[in-house]
Amino acid sequence: MYHPCITEIYHWILEHTLKKDAVTVDATCGNGKDTLFLAKHSRLVYAFDIQEEAIEETKKRCAGFTNIVYVHDSHERLKDYVRENPDAVVFNFGYRPLSDHTVMTRADTSLPAVKEAMDLLGTKGILILAFYPHEEGRKEREVITQWILEENLVRTVYETKKPDAPVLYLVSKPVMK
Ligand SMILES: C[S@@+](CC[C@H](N)C(=O)[O-])C[C@H]1O[C@@H](n2cnc3c(N)ncnc32)[C@H](O)[C@@H]1O
């Protein structure tokens, strides 16, 4: 049986749920694949990365799209830039493929960033969290899972039995009764 990779899974979900006027955030734009996907399915996209090269690579990949705001800053400062309540915020954690692997997302900044994103999210919005199985990725998953449980957030998990496979969380606000 064919097992889609986690990016294929969340792209499929977003493609089938985002409305035409959606505002979305790529909190880690890297090589721009997620930003390009979001630009095709949103009215407006914010693309964050702390690496200048990542912003430049994303601009190249997304040439011709006029609905992207590029932010060369850490995603912890999401609220300084994003004026709307986004419909989706994507955190594809880790390091940029084919680049300096020492520059990666870190648990101590990823947790506050994810909290900011959840605060800002529209009532029907969704957080997409893609975790990788290296040491820092496991730490990110651990602290963020703890916070999700404490806040009673709604979480769907896509995980295989393979110990070295990435894991996908879809997270949204608690259901109001
Ligand atoms: C796995 S890559 C993202 C892949 C990307 N979404 C794509 O489609 O190509 C992770 C990215 O997170 C960036 N990053 C690391 N720490 C960050 C932070 N605090 N704020 C924003 N971006 C960060 C890295 O520079 C790297 O480019």
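Helices are DSSP runs of H or I with at least four residues, numbered from the N terminus. The legends below describe a predicted model.

**View 1. Helix α1 beside helix α2 in the predicted model.** Helix α1 covers residues 6–17 and helix α2 covers residues 33–41. Their axes come within 11 Å and cross at roughly 15 degrees. Because angles under 35 degrees count as roughly parallel, α1 and α2 are therefore roughly parallel to each other. The crossing of the two helices is right-handed. From α1, the residues in contact are Thr7, Tyr10, His11, Leu14 and Glu15; from α2, Lys33, Asp34, Phe37, Leu38 and His41 take part. Sorted by class, this contact between α1 and α2 holds 4 nonpolar, 3 polar and 3 charged residues.

**View 2. The largest pocket and its lining.** The volume of the largest pocket is about 700 Å³. Its lining consists of 34 residues. Those lying nearest the centre of the pocket are Thr28, Asn92, Phe93, Gly94 and Tyr95. Helices α1 and α2 are the elements that give two or more residues to this lining. The largest share, 3 residues, comes from α1. In terms of class, the lining of the largest pocket divides into 14 polar, 13 nonpolar and 7 charged residues.

**View 3. The second largest pocket and the residues that line it.** The second largest pocket holds about 260 Å³ of space. Its lining includes Ile13, Leu14, Thr17, Leu18, Lys19, Asp21 and Ala22. Asp87 also belongs to the lining of this pocket, as do Lys124, Gly125 and Ile126. Helix α1 gives the most to the lining of the second largest pocket, with 3 residues. By class, there are 5 nonpolar, 4 charged and 2 polar residues in this lining.

**View 4. Helix α4 packed against helix α5.** Helix α4 spans residues 107–120, and helix α5 spans residues 135–150. The axes of these helices lie 9 Å apart, at an angle of about 40 degrees. That angle makes α4 oblique to α5. The crossing in which α4 passes α5 is right-handed. On the α4 side, Ala107, Ser110, Leu111, Val114, Lys115 and Met118 make the contact. On the α5 side, the contact residues are Glu136, Lys139, Glu140, Val143, Ile144 and Trp147. The contact of α4 with α5 has 7 nonpolar residues, 4 charged residues and 1 polar residue.

Conventions. Residues are numbered from 1 along each chain as its sequence is written. This is a predicted model: local features need pLDDT of at least 70, side-chain atom pairs count only at pLDDT 80 or more; totals for chains, interfaces and linings use all residues. Side-chain values use heavy atoms; hydrogens and water are left out. Axes are lines fitted to C-alpha atoms, for helices over the stretch in contact, and angles run from 0 to 180 degrees between N-to-C directions. Angles under 35 degrees count as roughly parallel, over 145 as roughly antiparallel, 65 to 115 as roughly perpendicular and the rest as oblique. A crossing is left-handed if the near helix is turned anticlockwise from the far one by less than a right angle, and right-handed if clockwise. Contact means heavy atoms within 4.5 Å. Ala, Val, Leu, Ile, Met, Phe, Trp, Tyr, Cys and Pro count as nonpolar, Asp, Glu, Lys and Arg as charged, and the others, Gly among them, as polar. On a 1 Å grid over the protein atoms alone, a cavity is a set of points where a 1.4 Å probe fits but cannot get out, and a pocket is an open set with protein on both sides within 12 Å along at least five of seven lines; lining residues have an atom within 4 Å of a point. Grid points are joined across faces, edges and corners, and a volume is the space filled by probe spheres set on the points.
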